[in-house]
Amino acid sequence: MIQSNLGIKDLTLSVLGLGHVGLPTALGFAELGWNVIGADDDLDKTRMLSLGQTPFYEPGIKGLLDKHLESGRFKVATDSATAVKESDVLFVCVGTPQSEDGSADLSQVENAARTVAQNTNGYKLIVEKSTNPVSTAENVKMTISQYLDTDHQVEVAVNPEFLREGRALEDFFNPDRIVIGVESERAKDLLFRIYEPLINNINQNGESANQGEVSPYMSGQKIVVTDLNTAELIKHSSNAFLAMKVSFINMVSDLCESAGADVNDVAIGLGMDPRIGPDFLRAGVGFGGYCLPKDLKAFIRIAKDNCVDESLLEAIEMINDQRVDRFVSKLALLLDGLAGRKLAVWGLAFKPETDDVRDAPSIKIVQRLLEHGASVILYDPQATDQFMESFQGSTEKISCASSALDAAVGAEAVLLLCEWEEFKLVDLEELRSRVDGRVVLDGRNFLDKKLISEMGFSYYGMGR
Ligand code: UGA
């Protein structure tokens, strides 16, 4: 992590929206030495935060919250208007949920813009951080001009975040790039100042950014300075591209299964090509979470609205949607039907190191297992409560366990849906003594196939 002995900083930053993006961002800026005000419309959340309680699980967040409530560099505002008045630069990290037609619902972004315009008492820079459809910043500018007192100046910039849940702070302090969409030197200078410690960090740690041709957008290293629309599109296309990699490897995984090959090894060979890269080639039950599925849908909408062929994006989504069927059918085949089966489900979060279950594959899979007449015992190191809160179907045949081994008692199969490290450490002898059946279906190709098979289990992965 970056050292925070950076001296007093003369700008005050506000972060509007203290969710999975806003809170790590706010605490990250405080750690860099800035005075940060956090605001959120959810008053339960702001009350919790001001008492030092974190509203969700994210590694490292609690420590930084305690540290900067105490240092006074992170304050929670009672309302957004106060945050606007007391700060120079406002990072908008509010949600952009999915509308019924698949587009992003930008009402929270618009509200934030209006609040800034109505409470401005000097120059303010609004920085869009949420994943927004291209042209959102242009619309925000129009909203501002409607509400702004002409004595004041509000500028808009786009500085998309690339944080991953579960590694949000790590990503904040070690960004692979910082994208800055601006319309003036003043806005650019402000953002460069704010990020200065990280820019130095990139320069010290970064491999040369000048590999290949230097893009006209590159100013310094790994800082991409663009116009507003381009910055928005960089973020949106990044998430769509990541989704495409996952769906691609999942399609190859099906091919491996039919033809007889191991998708994990295919991914290793494929990823060694530096033009492809090894990341996001893990086959399994598909991508979930609050970002990739929703952002992909919104991207499809944007393509349609701009009369651009969206079929590639639709195929990515379709392949992902089919993962649940693929997994459940495979299990049904292995167990010769699912009715009356007792199943242990390991891992409910959409990915490890988070308690977030939004759009997690586990929700659809458990739903489907119940529809087929199975009963399930669930275990997740962090996300069980969140899962039970968001699960909409009947919970009659669901029970929850407090450990992976407990979940396995009497189970006819163990299903892994999220790759928490602790599942690799489960005592396999003990597991064997607790389960009824021998099937292990690894929906993330995560467990040690050889070890598990040697212990007398029938191990199945996806595409292996
Ligand atoms: C994603 C992006 O990775 C971040 O760069 C971005 O900032 C963030 O969305 C956002 O827009 O806020 P996140 O949603 O935290 O981050 O999750 P990812 O790590 O991207 O994983 C998404 C899903 O893909 C998970 O369900 C994961 O299990 C799945 N996945 C990922 C695979 O199935 N295979 C892989 O190889 C990689």
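Guide: E371 is exposed, with a relative accessible area of 54% (exposed means over 50%, buried under 20%, partly exposed in between, with a 1.4 Å probe and protein chains only). The model is predicted: local features need pLDDT of at least 70, side-chain atom pairs count only at pLDDT 80 or more, and totals for chains, interfaces and linings use all residues. Residues are numbered from 1 along each chain as its sequence is written, and side-chain values use heavy atoms, with hydrogens and water left out.

Visitor: With which residue does E371 form a salt bridge?

Guide: A salt bridge is a side-chain nitrogen of Lys or Arg within 4 Å of a carboxyl oxygen of Asp or Glu. With the closest N and O atoms 3.9 Å apart, the partner is R368.

Visitor: Are E419 and R444 buried or exposed?

Guide: Their side chains meet in a salt bridge at 3.6 Å, N to O. Both lie in loops, so the pair ties together parts that are 25 residues apart in sequence. E419 has a relative accessible area of 12% and R444 one of 13%, and each therefore counts as buried.

Visitor: How much of the ligand's accessible area does the protein cover?

Guide: An oxygen atom of the ligand is 2.8 Å from a polar backbone atom of F350. Of the 710 Å² of accessible area that the ligand has on its own (Shrake-Rupley method, 1.4 Å probe), the protein covers 95%.

Terms used: Polar contact = N/O pair within 3.5 Å; in protein donor to acceptor, adjacent residues only side chain to side chain. Helix = DSSP H or I, 4+ residues; strand = E, 2+ residues; numbered from the N terminus.
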